[in-house]
Amino acid sequence: MDFGFLFHNIIELTITGLALGAIYALVALGYTMVYGVLQLINFAHSEVFMYGTFAVAWVVVFFHGTTSATQSLGSSLGILGAALVAAMVLSAAIALLLERVAYRPLIKKGAPKLIALISAIGASFSLAEIMGLRDKIAGWVGLQDDLSAYVSKARDLYSSPIDVQPQNLFPVGNYQVTDVDLLVIGAALAMMVALDQFVRRTRFGRGIRAVAQDPESAALMGVNSTRVVQLTFLIGGLMAGVAATLYMIRIGSTRQNAGFILGVKAFTAAVLGGIGNLRGALIGGLLLGVVENYGSAVFGSQWKDVVAFVLLVLILLVRPSGLLGEALGKARA
Amino acid sequence: MIRSTLVRALAVTAALGLSVTACGTTNNGTTSGSKSTAGAACGKNLAFLGAETGDAGALGLNMVGGIKLALDEYNKKHSSCKIGLKEFDSQGSPDKAPALATQVVNDSSIIGLVGPGFSGESLATGKTFFEAGLPSISPSATNVTITQQGWTTWHRVIGNDDAQGKADATYLTSTGGAKKVYVVDDAQDYSKGLATVVKTALGASAAGSDEIQVGQTDMSAVVTKVKSSGADAVFYGGYYTEAGLLVKQLRQAGWKGTFMSGDGAEDPAFVKAAGASAANGAVLSAPAAPAPADFNSKYKAVNSADAGLYSTQAYDAANIFLGALDAGKSTPEDINKFIGSYTGTGASGPISFDAKGDVTATTIYAYMVKNGALDTANPTPIK
Amino acid sequence: MSAGNRALEALATTWDDAKGRYQAMPRPARLALVVVFALFFYALPLLRPPIITTTQIDFGGVLFSAAAFALVALGLNIVIGYAGLLDLGYVGFYACGAYTTGVLTSYHWHWPFFLALPLAIAVTMLTGVILGAPTLRVRGDYLAIVTLGFGEIIRLIVTNVQWLGAASGIKDIPHPNSIGPNPEGPFGQRGIFSIPHLSWNGLVPLIDNNRPTTFLTFGALDAVPYYWLVLTVMILALLGDRLIKASRVGRAWEATREDEDAAELMGVPTFRYKLLAFAMGAAIGGLSGSLFASGQGGYINPQSFPLLLSMLFVAAVIVGGSGNRWGAIFGGVLVAYLPERFRAINDYRLLLFGMALTALAIWRPEGLIPPRRVRRVKQVEAEIEELEGGAVDA
């Protein structure tokens with residue numbers, strides 16, 4: 001147990017932990033919104049994120065080709081902007097598809113939540129496998145050669161050819177904060193603020209809160225709950241697209257099961273912060289990222305997940321509704 | 001009534017069963033003596049047991065490709081007495097392997113096994129093959145403990161982790177000139193085994209160690225530990241995905257030391273995971289010499305894909321079995337004895353086996369990443 | 001109702017009819033039928049019927065894993081189906097049983113298997129209680145994520161703690177004690193007598209004397225005796241399950257599952273019974289894990305207990321019919337058997353499994369063989385819907 005190491009490097013571990021946690025937070029927003037409105041664990045949200053990461057890589061390959069290049073963040077902004085748009089679009093599309101195929105029939109029937117979870121698990125496997133079989137699927141329509149830069153070796157790691165090299169901006173303590181760090185943390189904060197304002201100020205946001213609070217009364221008041229549910233999934237997908245872009249900037253590679261572990265962590269973060277609570281998702285995500293780093297520092301990286309889950313259990317025991325506790329439906333003045 | 005129908009149905013089935021068993025028995029009999037003509041082995045099969053689908057499927061397919069190349073060459077020379085291949089996909093997990101092993105040993109057309117592919121499967125099935133007396137040669141399972149189990153039918157054509165780890169430690173401290181080496185692994189059997197050997201061999205030069213998990217993508221804590229330890233070299237035990245991500249994040253953080261890893265990372269995909277500039281200068285060791293120049297073209301002609309890691313080993317393993325057939329051996333016992341006394345040079349280097357089943361001579365080669373590509377043709381042998 | 005649903009309804013009513021007839025028969029006839037039924041399953045790996053037998057992987061081995069899966073499903077059915085607790089970390093109990101057995105019989109001590117088995121069950125039950133005590137107070141959905149976390153924690157502990165074998169796992173786990181002379185090498189005398197298998201030429205069975213199953217040798221070559229052992233244990237577990245479900249414990253579980261607050265108000269100590277359900281489920285999970293550990297390979301490592309397996313367990317129970325012990329068994333067998341039967345389409349296995357899960361959840365959410373109670377409710381709902389001329393859309 002190396003506490004000395006932790007204290008000596010606490011700034012570096014905290015900032016990199018926040019950057020890691022920001023991505024958790026953005027994905028957690030998707031989980032928390034769907035849960036807030038439908039009380040459903042959208043198990044397949046991890047695949048929504050994963051498709052976003054592939055969209056980023058594909059766009060980069062499309063515009064840049066497959067030759068490897070190392071560039072700074074500034075010079076990659078154009079291509080990354082296009083990638084961001086593509087990721088948001090694809091993730092949102094997958095999210096809407098998911099809602100239509102895997103959830104809507106069950107919501108209409110009023111099926112128990114457990115069944116919706118099974119449907120989600122099945123959808124999660126299916127989506128991940130479709131990505132892992134894309135070379136074969138392309139083969140069915142005879143396109144595997146034309147699209148080989150995008151689909152070949154489907155189960156292998158798929159990397160974005162542009163390697164974003166972070167530039168040091170300014171030091172905090174003995175750690176040099178980089179532009180990528182700022183981008184990631186800033187983006188998560190900005191997205192959360194935007195989403196919070198959307199939910200609180202706009203008509204659509206009121207609809208979401210209404211359905212979250214009481215679906216039947218909301219319907220009686222003229223809120224189209226199907227549209228609201230679609231909107232919820234759409235927003236979750238857009239957030240996941242942003243997360244996917246930031247992830248690809250930081251990590252640079254993805255594969256068809258990249259969403260799985262991250263999804264579990266993000267869901268843990270959502271529960272940690274208070275499921276159904278948007279700010280809770282942000283706090284939970286950032287906290288989880290930092291705790292993982294601290295846990296790695298003190299106990300060794302092999303224990304970092306154990307630390308994260310133990311933290312979750314402890315918080316749930318002491319405060320069963322999560323850190324911030326409030327649900328999406330509770331009106332705030 | 002359901003009841004009488006059920007009873008009637010049962011009675012009919014029982015009667016059918018009894019009457020029909022009188023029809024005959026299949027009794028393949030034991031192969032008596034040893035027919036010294038290779039004709040006794042015609043139409044038989046080699047078996048392959050390993051991961052053909054799933055995340056590690058690419059490696060299994062490399063091995064199958066090597067076997068197919070060997071069989072293709074053999075069958076061309078023996079067009080009246082061909083040998084086939086039966087593949088058993090374990091998906092890389094040791095859970096299904098015992099049932100597959102039973103299937104293999106119950107198939108009397110199988111004369112030998114090239115495999116199992118991974119160490120976990122080997123440990124789970126070694127006893128089954130040993131009790132059945134079926135000889136096996138693994139092209140890729142490198143765990144040291146497998147050959148310590150007393151399974152005289154088990155062999156491998158690849159050096160084990162002991163040899164590789166010691167060579168790697170030597171390389172880092174002498175050729176690499178490193179004073180402090182930080183060792184990381186991904187807590188898997190192969191990875192931890194290799195990393196432990198390296199750490200022990202490094203002795204005082206080991207600056208610290210950490211274990212990540214497979215599938216982990218954010219290495220920030222490890223990077224902080226490496227930088228803080230003042231290490232000028234990192235050894236990573238594990239596979240190319242995490243190795244590439246680790247070296248990428250190390251370089252992003254401004255660390256300038258030497259990065260080394262073992263045969264699990266010795267793959268062009270390492271460069272893709274790391275990005276060309278981060279991968280440059282990395283050293284990847286493997287207990288295999290580069291394939292002979294024409295190997296890849298021959299491989300491609302048979303398999304329509306490039307050869308990969310373990311293709312040459314599988315090719316050599318299959319050829320040893322085929323050599324036994326050429327020498328007139330056809331019973332499992334004779335084939336096993338042939339393997340034990342085999343000496344030759346294959347596409348992966350010189351091969352002969354010691355009493356436990358390990359290859360006697362292993363040279364570990366260091367492959368460098370230069371100019372954004374893994375140089376697979378000119379490695380340096382580590383003395 | 002769609003054609004598929006109608007077919008399944010017909011299946012369910014036939015099942016009900018059969019059960020009714022069965023219960024109407026005199027005792028000795030019932031016993032005889034049960035014995036014949038059980039004997040058929042014992043004989044299955046020897047009979048090797050044509051379409052069911054797997055061709056690319058040993059049928060005995062597949063039956064062994066199907067039976068082990070069915071046993072796990074039976075245990076999980078107690079937790080999810082009877083008590084209504086969503087447990088996404090059941091693989092933790094499975095691993096606990098397996099590792100306790102491994103440690104006791106091979107890694108640190110050398111107990112014989114049948115002595116280690118009860119201790120493995122006890123340790124796993126204790127783990128279940130330790131896990132349940134703090135977490136059963138939280139809400140249902142949170143329970144899911146907490147149990148998922150615990151399953152992962154157990155896996156990480158066995159991966160990283162050297163005392164439990166760490167990444168290398170535990171090998172040389174001894175097999176259960178054989179009856180008859182011990183096998184010495186491939187051709188030594190084994191067992192008391194041999195039972196040949198049947199092999200089929202089209203529809204004609206032939207007796208195959210190659211590699212018969214010896215009675216009763218637990219070796220590394222033949223999976224059939226292991227299958228018999230699991231089958232026997234499963235029959236015992238079934239009997240225990242019947243007893244407990246029909247008792248006040250079973251009724252308390254039903255009350256807790258349907259409406260916990262109402263049950264509490266009526267005087268049912270819900271927390272205690274939930275903990276009992278957890279412990280019983282854990283015990284069966286540990287039992288199955290223990291049998292898995294001393295199976296044919298005699299080798300366990302952390303790779304065998306991934307999160308995916310927990311998902312498969314839950315899917316098996318739900319697909320089969322949560323709350324119905326036969327449904328759970330059927331689901332378990334289906335989930336373990338189908339991927340092995342259709343190995344040819346290995347690449348697409350997981351995709352087909354995922355699509356099947358979603359399709360089943362949408363069209364037949366109560367599972368393939370749901371408990372009678374659920375079917376009655378559905379019938380009533382269907383009747384009401386007919387009377388009202390279409391459901392009111394919320």
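**View 1. The two domains of chain B and the distance between their centres.** In this predicted model, the centres of domain 1 and domain 2 of chain B, taken over C-alpha atoms, are separated by 29 Å. Domain 1 of chain B covers 40–160 + 291–352 and domain 2 covers 162–286 + 364–382, with bounds that come from an automatic or database domain assignment. Eight residues of domain 1 of chain B are in contact with nine residues of domain 2 of chain B, where contact requires that the C-beta atoms of two residues, placed from the backbone, lie within 7 Å. On the side of domain 1 of chain B that touches domain 2 of chain B, two residues are nonpolar, six are polar and none is charged; Ala, Val, Leu, Ile, Met, Phe, Trp, Tyr, Cys and Pro count as nonpolar, Asp, Glu, Lys and Arg as charged, and the others, Gly among them, as polar.

The model is read as follows. Residues are numbered from 1 along each chain as its sequence is written, while chains are lettered from A and ligands numbered from 1 in the order in which they are written. Because the model is predicted, local features need pLDDT of at least 70 and side-chain atom pairs count only at pLDDT 80 or more, whereas totals for chains, interfaces and linings use all residues.

**View 2. The open sheet of chain B.** Five strands of chain B form an open sheet in the order 3-2-4-5-6, with parallel pairing; strands (E, at least two residues) and helices (H or I, at least four residues) are DSSP runs, numbered from the N terminus, and two strands pair if DSSP finds at least two bridges between them. Strand 3 and strand 6 (154–156) of chain B are the edge strands, each pairing on one side only. Strand 5 (residues 136–138) of chain B pairs with strand 6 of chain B in the parallel sense over three bridges, and B:Ile137 has B:His155 in strand 6 as its bridge partner. Helix 12 (residues 311–326) of chain B packs on the sheet and touches strand 2 (45–50), strand 4 (110–114) and strand 5 of chain B.

**View 3. The contact between chain B and chain C.** This contact takes 42 residues from chain B and 44 residues from chain C. Among the elements that give two or more residues to the chain B side are helix 1 (2–21), helix 3 (97–106) and helix 6 (189–202) of chain B. The residues of that side divide into 15 nonpolar, 18 polar and nine charged.

How values were computed: Axes are lines fitted to C-alpha atoms, for helices over the stretch in contact, and angles run from 0 to 180 degrees between N-to-C directions.
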